[in-house]
Amino acid sequence: MEKPVVFQVQHLQKSFGAQSVLKDISLTVHSGQVVSIIGPSGSGKSTFLRCATLLETMDHGTMRYLDDLVCQDTPKGSRYASPETLRKIRSRFGLVFQNFNLFPHYNVMENITDAPLCVQKRERQKVFQEAEALLKRMGLQGKEKAYPCELSGGQQQRVSIARALMGQPAILFFDEPTSALDPELTGEILKVIRDLASQMMTMVIVTHEISFARMVSDHVVFMANGVIVEQGTPDQVIDNPNHPRTRAFLKKLHDGH
């Protein structure tokens, strides 16, 4: 039986001034699915993620999370839902940035409990219990009172993943979660993401780590020049790509290593 759709975008278009960055992107993500988005720099991957997480507004297209319509396409462009509905929709997803984006003046515990307490207005005791369990799961017990500047890059990224999970999202987005880390710390973060995948967390990961995308994803999307060139299983897209553009990209990466 097909699993429920958690996130869907159809015919997404986005321009900045005269530059068309996303030309026509459609993607459906089902519950428990791990989707990796790969492609050259400047292909629109991060802009797609920013539109999906409401950091940018799309010019055209329709988007929904579960049963909630974020925006629908009209001849005049995408028409967004009410601020109240968008607030509810924001709790449906979490986003992990490449450069952590932690509050430098908050310690670890404050960083991950701030939104559940102040935005979601959840019960204090439950929030702290959940936060402690998550920090333990992330291998960060004993770091509750540490500030971001006292942590390694890998630890900071694990805090930001814990912070995203604290919102109890239906789907988690990652924007190049390892690009600011050295190889040893990269392995640390990839293990965390692999563990989340084994627990059937729905995820969309923009990554340049091709071997990781092959290992962790059910579905791989190759983007170039603002369009999806090819998509399918890792075996189809990474190991046996159909499109010359995909083949050229993977060969260049392979030759570079």
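Guide: Let's start where strand β8 (residues 171-175) meets strand β9 (residues 203-206): the two run parallel and are joined by four bridges. Two strands count as paired if DSSP finds at least two bridges between them. What you see is a predicted model, in which local features need pLDDT of at least 70 and side-chain atom pairs count only at pLDDT 80 or more, while totals for chains, interfaces and linings use all residues. Residues are numbered from 1 along each chain as its sequence is written, and side-chain values use heavy atoms, with hydrogens and water left out.

Within this pairing, M203 of β9 is the residue opposite L172. Both strands belong to an open sheet of six strands with mixed pairing, in the order β7-β8-β9-β3-β10-β11. At its edges are β7 (93-96) and β11 (227-232), each of which pairs on one side only. On average, and with direction ignored, neighbouring strands of the sheet are turned by 15° against each other. For such angles, axes are lines fitted to C-alpha atoms (for helices, over the stretch in contact), and values run from 0 to 180 degrees between N-to-C directions. Helix α5 (residues 153-166) lies across β7 and β8, at about 170° to β7.

The largest nonpolar core has 37 residues, and I161, F174, L196 and M203 have the most contacts inside it. Each of α3 (108-118), α4 (124-137), α5, β8, α6 (183-198), β9 and α7 (210-216) supplies at least two residues of this core, and α6 gives the most, seven. A nonpolar core here is a set of buried Ala, Val, Leu, Ile, Met, Phe, Trp, Tyr and Cys residues joined through side-chain atoms within 4.5 Å. Buried means under 20% relative accessible area, exposed means over 50%, and partly exposed lies in between (1.4 Å probe, protein chains only). In soluble globular proteins, nonpolar side chains tend to be buried together.

Leaving aside neighbours within four places in sequence, F174 is in contact with L49, V96, I161, I193, L196, M203, V204, I205 and V206; contact means heavy atoms within 4.5 Å. Apart from this core lies another, of 32 residues, which includes L27, V35, I171 and V204.

Over the whole structure, a search finds seven aromatic pairs. Rings of Phe, Tyr and Trp (its six-membered ring) pair if their centres lie within 6.5 Å, and planes under 30 degrees apart are stacked, over 60 edge-to-face and the rest tilted. The ring centres of F7 and F48 are 6.5 Å apart and their planes stand at 70°, so this pair is edge-to-face. F7 sits in strand β1 (residues 5-16) and F48 in helix α1 (residues 45-52), so the pair ties together parts that are 41 residues apart in sequence. Both F7 and F48 are buried. Another edge-to-face pair joins F103 and Y106, at 5.3 Å centre to centre with 65° between the planes. Here F103 is partly exposed at 37% relative accessible area, and Y106, at 24%, is also partly exposed. One aromatic cluster is formed by F7, F48, Y65, F93 and F173.

Strands β4 (residues 60-65) and β5 (residues 68-74) run antiparallel and share three bridges, with Y65 having D68 as its bridge partner in β5. Two residues lie between the strands of this hairpin, and L66 takes a positive phi near 50°. β5 then pairs with strand β6 (residues 77-80), antiparallel and over four bridges, and S78 in β6 is the bridge partner of D73.

T62, in strand β4, also reaches D73: its side chain lies 3.1 Å from the backbone nitrogen of that residue. Leaving aside neighbours within four places in sequence, T62 is in contact with Q8, V9, Q10, L69, C71, Q72 and D73.

Terms used
A polar contact is a pair of N or O atoms within 3.5 Å; within protein, one must be able to donate a hydrogen and the other to accept it, and residues adjacent in sequence count only if both atoms are side-chain atoms.
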